Amino acid sequence: MIILSDVVKQYKNKYALRGINLHIRPGEFVFLVGSSGAGKSTLMKMLYLEEKPTRGDVFVAGINIGNLSANKIPSLRRCMGIVFQDYKLLQNHTVYDNIAYVIRTMGISSREIESRVMGALKVVGLEDKYRSKPCELSGGEQQRVAIARAIVNGPPLLIADEPTGNLDPKNSLEVMQILEQVNQRGITILVSTHDHAMVNYFRKRVITLDHGQVLNDVQAGTYD
């Protein structure tokens with residue numbers, strides 16, 4: 001699903017990533033951890049082409065995405081779900097519309113859109129909130145809406161960048177449990193996080209970055 005081969009990212013005289021080699025297989029659930037400045041955000045941004053490697057190759061679903069032209073980037077991003085720490089919801093739109101806008105350009109019927117949106121909301125347990133606006137929801141609920149938006153088009157890959165960074169422990173656990181349920185549907189999950197407790201609780205594959213390099217890569221690992 002994801003392959004990074006000798007990936008280097010350099011900003012002038014500073015290296016954000018140095019010779020990264022990774023292989024994340026379809027259906028895996030992987031935590032990406034490390035201290036601030038370790039290179040986690042740079043690596044995540046590279047996967048959805050907000051950043052490009054200075055050297056090396058980045059493959060997603062068999063496509064060398066570093067070679068994609070600008071007009072093909074939106075198509076790439078439609079093939080993955082992306083969840084951010086700050087939710088990035090449209091504040092003046094309902095929960096339903098926040099999720100539906102992702103698939104309204106796909107040429108499917110209104111009935112199919114409704115079926116997919118309500119199905120995604122059922123996965124995250126928010127079917128009764130479809131008419132609400134983000135300001136009427138708690139932080140945990142907003143993040144669950146963001147997950148519903150990320151999965152509504154059935155992507156094979158979901159990338160979550162610090163998804164529990166703004167949440168208390170209870171909501172963090174609920175969000176991670178939803179991501180685990182999504183993973184059980186066959187979707188590959190990559191989560192960048194500083195949340196020691198969640199990483200230690202779920203015991204998934206843990207990749208640790210340090211100064212732009214892979215320090216550890218452990219199956220059923222912990223943050224430490």
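Two strands count as paired here if DSSP finds at least two bridges between them. With that in hand, welcome to a predicted model, in which S1 and S2 form a hairpin with two residues between them. The model holds an open sheet of four strands and another open sheet built from six strands. Below is a friendly tour of the sheets, the helices lying across them, the pockets and the salt bridges.

**The four-stranded sheet**

- The strand order is S2-S1-S4-S5, and the pairing is antiparallel.
- Strands S2 (14-24) and S5 (63-64) sit at the edges with a single partner strand each, so one side of each has no neighbour in the sheet.
- Seven bridges hold the antiparallel pair of S1 (residues 2-11) and S2.
- Within that pair, Lys9 has Leu17 of S2 as its bridge partner, and Gln10 stands opposite Tyr15 in S2.
- In the turn of the S1-S2 hairpin, Lys12 has a positive phi of about 50 degrees.
- S1 also pairs with S4, again in the antiparallel sense, over five bridges; here the bridge partner of Val8 is Arg55 in S4.
- As background, strands of a sheet pair through backbone hydrogen bonds, either parallel or antiparallel.

**The six-stranded sheet**

- This open sheet runs in the order S6-S7-S8-S3-S9-S10, and its pairing is mixed.
- S6 and S10 (213-218) are the edge strands, each with a single partner strand, so one side of each is left without a neighbour in the sheet.
- Neighbouring strands of the sheet are turned against each other by 15 degrees on average, direction ignored.
- One of the parallel pairs is S3 (residues 29-33) with S8 (residues 188-192), joined by four bridges.
- In this pair, Val30 stands opposite Leu190 in S8.

**Helices across the sheets**

- Helix H1 (residues 40-47) lies across S1, S2 and S4 (55-60), and runs at about 120 degrees to S1.
- Helix H5 lies across S6 and S7 (157-161), running at about 165 degrees to S6.

**The largest pocket**

- The space in this pocket comes to about 430 Å³.
- Its lining has 15 residues, and those nearest the centre are Arg77, Met80, Ile82, Tyr101 and Val102.
- Helix H2 (73-78), strand S6 (80-84) and helix H5 (139-151) are the elements that give two or more residues to the lining.
- Which element gives the most to the lining of the largest pocket? That is S6, with four residues.
- By residue class, the lining of the largest pocket divides into seven nonpolar, three polar and five charged residues.

**The second largest pocket**

- About 180 Å³ of space lies in this one.
- Its lining counts 13 residues, with Lys14, Ala16, Gly37, Ala38 and Gly39 nearest the centre.
- S2 and H1 each supply at least two residues of this lining, and the largest share, four residues, comes from S2.
- The lining of the second largest pocket divides into four nonpolar, six polar and three charged residues.

**Salt bridges**

- Side chains of opposite charge can pair when their charged atoms come close.
- How many salt bridges does a search of the whole structure find? The count is eleven.
- Among them is the pair of Glu51 and Lys9, whose closest N and O atoms are 3.5 Å apart.
- The Glu51-Lys9 pair links distant parts of the chain, 42 residues apart: Glu51 is in the loop between H1 and S4, while Lys9 is in strand S1.

Conventions:
Residues numbered from 1 in each chain as written. Predicted model: local features only at pLDDT ≥ 70, side-chain atom pairs only at ≥ 80, totals over all residues. Heavy atoms only, no water. Contact = heavy atoms within 4.5 Å. Axes fitted to C-alpha atoms, helices over the stretch in contact; angles between N-to-C directions. 1 Å grid on protein atoms, 1.4 Å probe; cavity = no way out; pocket = protein on both sides within 12 Å on 5 of 7 lines; lining within 4 Å. Points joined across faces, edges and corners; volume = space filled by probe spheres on them. Nonpolar A, V, L, I, M, F, W, Y, C, P; charged D, E, K, R; others polar. Salt bridge = Lys/Arg side-chain N within 4 Å of Asp/Glu carboxyl O.
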